[in-house]
Amino acid sequence: MDYRTIIEPFRIHAVEPIRMTTRQERLRAIEAAGWNLFGLHADDVLIDLLTDSGTGAMSRDQWAAMQHGDESYAGSPSWFIFLEAVHGLFPYRHVIPTHQGRAAERILFTAIGGPGKVVPNNTHFDTTRANVEATGATAVDCVIPEGRVPSLRHPFKGNMDLDLLDRTIRVAGPGNVPVVFVTVTNNSGGGQPVSMANIRGVRAVCDRHGIPLFLDACRFAENAWFIREREDGFASTPIVDIVREMASCADGMTMSAKKDGLANIGGWLAMDDDGLAERCRNLLILTEGFPTYGGLAGRDLEAIAQGLREVVHEDYLRYRIRSTAYLGDAVAAAGVPAVVPTGGHAVYLDARALLPHIPPLAYPGQSLAVALYVEGGIRGCEIGTVMFGAQPDGTEEPAAMDLVRLAIPRRTYTQSHIDYTIEVVLRVAEHAADLRGYRIVEAPAQLRHFTARFEPLG
Ligand code: F0G
């Protein structure tokens, strides 16, 4: 089948209303929210592309699985169904359920982080970086140089720069590097995939220094699809086998089931190391819960288990990756600067390139994100200097890039929603020269992008 139209491989079974709003209403709403899109009432959003995390539609079979949820405190049958589904893809000895990905991160870095420690990653996601730094450790991004240039094409732009990784470990001293992380796909770098060859290369560097390798596996299925499409030798390998091979290169993983678990909540931490697992379980009990439910209800464990079975379906992944590219290709074809090629879960507009008259410290990404909302009710997310510019010592520096991410919730919007989104992006881009920068008038010490309040400049 080589038709141009991408058919969603599902029919709609229950619908949620979208409330139409006017430009005036949206202006009032965003001003009241301190020009921060996280502060909006979601009813005031038409197309919500803030995140692909926990915002997807669950399938009929996932809702049915939830009815099967068993809420026993210890040893629930739902736990064993969850464990079997996780082990089908990631056969690590220890699987520790958590309420979402960042809880897994917090537990792991509390166990192995601390002052003087250094954690390399291709690119840390914001919560991952914050959890590393909260222990006093240093988070270092080692993505390949191509991964930092939005307009440069590379099939695996999320790859780790192996020489930089090696140097980072030598400078820190291998004894100070408790773990190396590979994030698949590389969310903060544009949802870009990491090749199997690169994961194997990272493994080799880790082996040379005796350091464990963990995957931040949030979007593992999307990464596996890209490996199959783009890497020599995988064209006819089943997705499940590619996922297992990725897993076999690592010693453990953190996971947010809100992404490729196709669930609205959940996550886990997994590893082979018995001693580390015991320390992590002790931390789990302090804040998340007993080791057979983590922070989750039995029904959540069931929804995740079914989601893991569905996410590796080829029809689903083909639609998922093609439909994201549909938005990215349309925007790029119209000359709007964006990260190319399009990643798995989102389109990343290059606000720094689109708004050269707004310096990074006046937050071009924030300006573009607000404009998309005011113009068309589209809520994207700044991934740039607002999110990453605050330094641990209280100063501020431009982030590597100033992007606006339009993240696509899984199985939620149709092609007409995306066509509308394309129209809005193009209209805002036509008037880019009129957009102004912002300044922050109020911000917390950490993860400021969630709650900061802004003021338009000029
Ligand atoms: N790692 C990556 C690569 C992520 O993208 C996220 C979440 C996490 C870890 C944390 O997982 O949200 O379950 O605690 N990313 C979401 C996003 C929030 O919008 O990209 P979580």
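Q: How do the residues of the shell around the ligand divide into nonpolar, polar and charged?
A: Two are nonpolar, nine polar and seven charged. Here Ala, Val, Leu, Ile, Met, Phe, Trp, Tyr, Cys and Pro count as nonpolar, Asp, Glu, Lys and Arg as charged, and the others, Gly among them, as polar.

Q: What sort of model is this?
A: It is a predicted model, where local features need pLDDT of at least 70, side-chain atom pairs count only at pLDDT 80 or more, and totals for chains, interfaces and linings use all residues. Residues are numbered from 1 along each chain as its sequence is written, and side-chain values use heavy atoms, with hydrogens and water left out.

Q: Which residues come nearest to the ligand?
A: T51, R102, S256, K259 and R405, out of 18 residues around it. To count as near, a residue needs a heavy atom within 4 Å of the molecule.

Q: Which polar side-chain atom lies 3.0 Å from a nitrogen atom of the ligand?
A: One of K259. For oxygen atoms of the ligand, a side-chain N or O atom of T51 is 2.6 Å away from one, and R219 has a polar side-chain atom 2.9 Å from one. A polar contact here is a pair of N or O atoms within 3.5 Å.

Q: And how much of the ligand does the protein cover?
A: 94% of the 470 Å² of accessible area that the ligand has on its own. That area comes from the Shrake-Rupley method with a 1.4 Å probe.

Q: Which elements give two or more residues to that shell?
A: α4 (101-112) and α5 (126-134). The largest share, three residues, is from α4. Helices are DSSP runs (H or I) of at least four residues, numbered from the N terminus.

Q: New topic. How many cavities of 30 Å³ or more are there?
A: Four. A cavity is a set of points on a 1 Å grid over the protein atoms alone, where a 1.4 Å probe fits but cannot get out; lining residues have an atom within 4 Å of a point.

Q: What is the volume of the largest cavity?
A: About 140 Å³, taken as the space filled by probe spheres set on the points. The ligand takes up this cavity, with more than half of its atoms within 2 Å of the grid points as the criterion.

Q: Which residues lie nearest its centre?
A: E105, F125, D216, C218 and K259, among 15 lining residues.

Technical notes:
Polar contact = N/O pair within 3.5 Å; in protein donor to acceptor, adjacent residues only side chain to side chain. 1 Å grid on protein atoms, 1.4 Å probe; cavity = no way out; pocket = protein on both sides within 12 Å on 5 of 7 lines; lining within 4 Å.
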